[in-house]
Amino acid sequence: GDELKVAIKVTVRDEGTCTATCNTNYANRILVTSFAMEFPEQKLRNEPVVLSEFTAVELAKKIGQGQRLLGDFNSKSFPYPSPARAPEPYMTHSGADSEIPLQAKNFRAQYVLSGVYRDFGFQGGWGGASGRRIEIEAFLHDGVDGALLARKSFSTVASGQVLLRGSPSVGSHAFYRSDIGKPWGKLLDNIARWTENQAACLPFSARILRVEGARLHIDAGAEAGLTIGDTLKIHTWKQPPVTGLNGATLGMEKKIQATATIRSVYPRFSVIEIENAPSGISIREGDVIFTM
């Protein structure tokens with residue numbers, strides 16, 4: 001009767017976390033800021049560890065160990081007005097920009113990873129009689145304009161001796177074998193791998209440091225995988241910014257100004273040369289280049 005019925009039996013195997021693949025030779029740099037606690041009273045007075053700062057340091061190490069991204073940290077920076085308002089960015093005094101692009105520029109980063117401890121409370125009685133719940137919400141931002149690209153919550157429960165002590169030191173092998181260090185380390189591993197899957201295939205960008213006619217110096221080099229002969233696109237921003245119906249600024253649209261070829265590559269910077277520049281082109285220090 002022109003009708004065919006097909007029955008399919010499917011078995012799904014759990015192969016673990018899916019790893020994104022992409023056709024790029026460039027390694028984006030991730031700047032990790034401190035991870036503040038939404039409820040700081042959950043960390044006891046006799047717990048001396050500055051958890052927010054250690055989180056930035058350890059996450060940057062774990063991101064770099066993945067070998068698809070470069071990791072760096074600024075453990076003294078928290079880019080939001082308060083943990084409760086994250087991921088709403090802290091604005092500069094002029095109100096023209098958020099803290100996130102400024103931090104990314106200072107550390108030559110393409111993207112910024114930040115976050116908040118949403119929970120660090122004890123279970124089974126105050127003082128950790130039976131365990132401690134750890135919940136971290138992570139945020140991935142574009143380092144050029146500060147836009148939020150992704151967010152995700154991660155949680156685990158530590159059991160046993162879950163008080164933070166000065167010894168063993170956070171980050172040491174002994175700490176990661178402890179009752180509190182082992183689950184905390186696995187949680188950071190999950191955040192690092194999530195960041196890798198989110199950011200490894202995102203567009204690569206660099207900032208112009210110096211303009212010498214058609215020759216430009218940019219803040220990325222061999223450590224990021226740049227190669228002599230590669231082609232890059234120089235962008236500026238169209239004005240005015242795009243705004244929502246409520247008048248709030250949503251962002252700015254990119255405008256391709258010119259194409260440039262990499263002529264020299266050094267460990268932390270490169271020299272590029274503009275090709276067939278259109279008349280009236282205006283390129284300044286701080287402008288951004290992108291791979292296409």
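A residue is taken as buried when its relative accessible area is under 20%, as exposed when this area is over 50%, and as partly exposed in between, with a 1.4 Å probe and protein chains only. The structure is a predicted model, in which local features need pLDDT of at least 70 and side-chain atom pairs count only at pLDDT 80 or more, while totals for chains, interfaces and linings use all residues. Residues are numbered from 1 along each chain as its sequence is written, and side-chain values use heavy atoms, with hydrogens and water left out.

Asn-74 lies in strand E2, which covers residues 70-74, strands being DSSP runs (E, at least two residues) numbered from the N terminus. Asn-74 counts as buried because its relative accessibility is 15%. With residues up to four places away in sequence not counted, Asn-74 touches Leu-31, Val-32, Thr-33, Ser-34, Gln-103 and Phe-107, a contact meaning heavy atoms within 4.5 Å.

Elsewhere, 6 strands close into a barrel in the order E7-E8-E13-E12-E9-E14, with antiparallel pairing; two strands pair if DSSP finds at least two bridges between them. Neighbouring strands of this sheet are turned by 45° against each other on average, direction ignored, the axes being lines fitted to C-alpha atoms and angles running from 0 to 180 degrees between N-to-C directions.

Conventions
Helices (H or I, at least four residues) and strands (E, at least two) are DSSP runs, numbered from the N terminus.
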